[in-house]
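Colleague: I would like to learn how to read a few features of a protein model. Please take them one at a time.

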Amino acid sequence: MVAGKEADNVAYRTILKLRHIMLVKTYNDIVNFLSFATNLRKLRSRINQSIDLPEIISEFPNSHPRGFIKEFKKRRTTIVETYLRITKCLESANYNERVHALSLLAEHIMYSRSLKMPLNAARVQLALMKEVVKNRDNKRVQLELMRDFTVSSYGHPRAIRNFLKKLDIIEVPETGEELKDLKMGWDFHVHDSTSYGRKSPIQLIIDAFIKGISELTIAYNNLDREEAVKEVLEAGRILGIKVNIALEFSALTNGMRFHYMYILPNFSSKKGRFKKFLKQKTDDFKEFLHELEENEKKREKNIEQLIEDFNNEHLPLINEGYSPDSIYFLEPLTINTDENTLGNKIYSRRQLGEFLYPKLKKVLEKRALQITALKIQTVNSPEKFSIREIETIQKRFITIRTQYRNLEPENIRMEYFAGNESLVAETAVSSLEDIYNLAKKAGGNIKFIQPLEHGLQAAIDKILENHEMLSFTEIYNIYGTIDTKESDFVLFADFIKLLNGGNQVEIIRFFNSNNLTFNQEKLDAALTNLKQNTLIPAIGSDAAGRSTLAPGMGFILESRLPKHQRKYFEKRHYTLPTEISELIYKLARIPKTPLKKKEKPKIICLGKLDAGKQNMLGDEKIEKPISPVRAWEYLNPAIKNSIFILIGFIPAYLTVGYEYALLWLAITGSRNMFVDVISGNGFRPKEWHSQDINWTNFAHSLFWTGFSVPILGFVKARFDIVWTGPHEGFQFETVKFFFLNISNGLYLATHNYIRGFDKVTTRSNFFRSIIAWPFAALFSPLGNALFLPSIVQTKFWSDFIAAIIEGSAKYKNIIRVKYQIMNKLMPDLISEDEETEKLAMLDMIYFINESTRAKTALRKQLSQKPGLFTRFKNFIFRRKKQFVPNEALYELRKKIEQPGRVDQLINYIIEHYYREQSLYLIKMVSENYFKIQKWLEGINK
């Protein structure tokens, strides 16, 4: 009886759980249906097609991001496709293609409507589209990211800062400088996929750009892969990051293998200088490079041995119970030794986990599906199985599903490929002294890295023994903290501090208190040497691209973060021990600025511990309800805007009635629309387009203006009670409108602050009401004659003034954006390279055809025409018009007036574009070329 009740309870709880799941699913389906615009869903499909089939990405001639290319491809699509071209085309032969793709990517991310935060907006947008690629299989997340991209394109400072927080990346100063000049993050020990890393050279630089890193040192095992080094230097130049190159090697001392870095002379991210360096130093480096090649061969033997060990020892256990001819059988591992496949060759044992992961995941997925099928059968047809079989299936179900869910590359490496460090001694370097002599002769420095791999005592002995040959020593290695206690790094940092300080008594006290031994003679020699030199401390992440055991690439001083980010960033990221931070700030060559009084140096990791994503089969039934905040944030814009307008209408209606509420909203709405279309395309209605109107801002303005009605109504009612004189006449109207306009100005400033507008805009909107005050008072007889309430008159004149102020500001911003475009386009228009000049010509025709403001901006580029005030003075004083010849104007006229030039453009279009694209461009050129030619002839005449 009890058992029956228990079974009923279990069944009841199961039913409730299923109902809950169905309810959540229904809720999420409704939310998803009401979210996002239709065009965003179509764009997602187009982007996913490129992700799934990167080979279909068509090669597209260069065009300015806002040029004619936007008629064929959305900017988001172009960013994703160029990023995919970088990540998918990994053969070394495609080096130029990857660099070209990065140049195109940089051009597109650097262009946005953000005039106040362009660099941060670029980093945010690149991070968003990178996440779009990573979340290929999550429809909701992809659409959210793409919508965030749209919002970030407008460059609103508050929005950009919100996205920086959401993406967990730092804000960098907007000074117009490149990252390398901003003295932000750094990392002096990282790897790309040609040494120990997972990411290609360009991917590594892209990640550094997103993180806000100013300087990197990338370690290689040798210089055989010259293309990879040139690629990373060129990538650093394109994205504005200083890149240093180092050679990582090891040398045996007393049976222990220690690691070092030979830091090559600085190339300032110039691949030409690197090539020249190699050519000049060939003889000097010949022996060293030969030794590194021998290292590489031994490293390859180690990898082969580890693969063989895996196939012989671990693979049989993994395949136990599965036949070799089944789909559930993991085939023996083989590695690619082709040097021409940059993305597929295994260069280090640290890459073996990533190498095995996709193969093992695929097999485990099939096994998980098989055992799931058996589990379902035991539930629905238990009579077909014995009790023992059911128990066995249940255990295997839990084991296999858990194994599949928690599969992760780093754990695979630790479990199967940790290996024995002495498989083959990966060193053929004759001696550290030889490398030191080379450094003295050829330039460069030696750094002691991973110092505590054999313990604190061994590291101290090595420093005392080789102090003359070492310029730098790591005192903290992030990857090294996996196997070494943090307290040992702190003790080692204390030792380096005392050694540089030169106080022998304190050093000996340090040794004794920590039970460390030392050689007195070597200590004396080290102290003598370091009186003249400093052993510079350093830190490095030793990052290889992904680790769930240690934070990733990058460090930054807390003082370089903006104040509003400090607490939040410190809370979410690992902070180095105080002793490490203070010593690094004092002695290390890191990007830094002076600290304020009482401010202590604090170094924070830019990377975080990556918990890794669990692998889901799809039947887990763990659907979580979309939070109301997310549901509202990503609601379809048309629905969301309608709700804002409706909410704004309600208080207006309750205060002044239906007719005046509509009039009130019409005044604000008309002002917004006219400001947008006129500032964008002038006073020619035929050139006004709905896409010129910022409908989100339109809806928000109507929302906020609705609440101003009861506020002004309250002020008007209070004023009528307080005013003791006659309620008519000029004095009454003047004072009344003064209080109404002051109240309106305060309300505008308040909601501008809440909406995150900048201080200039907030102040302008306050003073616009003050400026509107005399107009409202002066024209009040007319308003009263039309039976318009005072608050409606106040609103009209406030918005009238606002239209002038906002229109002027938007006009200036649009001209600034167009001017920047034309400024970038001008060198290409008069370029000697024919293809560059033709593409720029097509862009110019497109810009001028699209917007009259582009024509205004181009005129400013080409003409020395004086301003309005100067022309007025010339007219008053009867001065003759002075014209300073503009070389760019003459050059452009000469180019566009060449005989047969239009035919050459048509031929270029037909040769390089598909039919639909050709039709659009041919029509554009044919309709506008001679008009532009005539317009250019008329400039300054």
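Colleague: In which helix is Glu-937 found?

Modeller: This is a predicted model, where local features need pLDDT of at least 70, side-chain atom pairs count only at pLDDT 80 or more, and totals for chains, interfaces and linings use all residues. Residues are numbered from 1 along each chain as its sequence is written, and side-chain values use heavy atoms, with hydrogens and water left out. Helices (H or I, at least four residues) and strands (E, at least two) are DSSP runs, numbered from the N terminus. Glu-937 is found in helix α35, residues 915-938. The protein chain has 35 helices and nine strands.

Colleague: Is Glu-937 buried, partly exposed or exposed?

Modeller: Buried means under 20% relative accessible area, exposed over 50%, and partly exposed in between (1.4 Å probe, protein chains only). Glu-937 has a relative accessible area of 31%, so it is partly exposed. For the protein chain, buried residues make up 49% of the 941 residues.

Colleague: Which residues does Glu-937 touch, leaving out those up to four places away in sequence?

Modeller: A contact means heavy atoms within 4.5 Å. On that basis Glu-937 touches Arg-893 and Glu-897. Glu-897 is 40 residues apart from Glu-937 along the chain, and their C-alpha atoms are separated by 9.8 Å. Among contacts in the protein chain between residues at least 6 apart in sequence, 77% join residues at least 24 apart.

Colleague: Why is strand β1 described as largely enclosed by the rest of the structure?

Modeller: Strand β1 covers residues 185-190, and it is described that way because six of its six residues are buried.

Colleague: In which sense do β1 and β2 pair?

Modeller: Two strands pair if DSSP finds at least two bridges between them. Here β1 and strand β2 (residues 213-220) pair in the parallel sense over four bridges. Gly-185 stands opposite Ile-213 in β2. A crossover is right-handed if, with the strands pointing away from the viewer, the path from the first strand over the helix to the second runs clockwise. β1, helix α9 (residues 201-211) and β2 make a right-handed β-α-β unit.

Colleague: Where does Leu-778 lie, and is Leu-778 buried or exposed?

Modeller: Leu-778 lies in helix α27. With a relative accessible area of 58%, Leu-778 is exposed.
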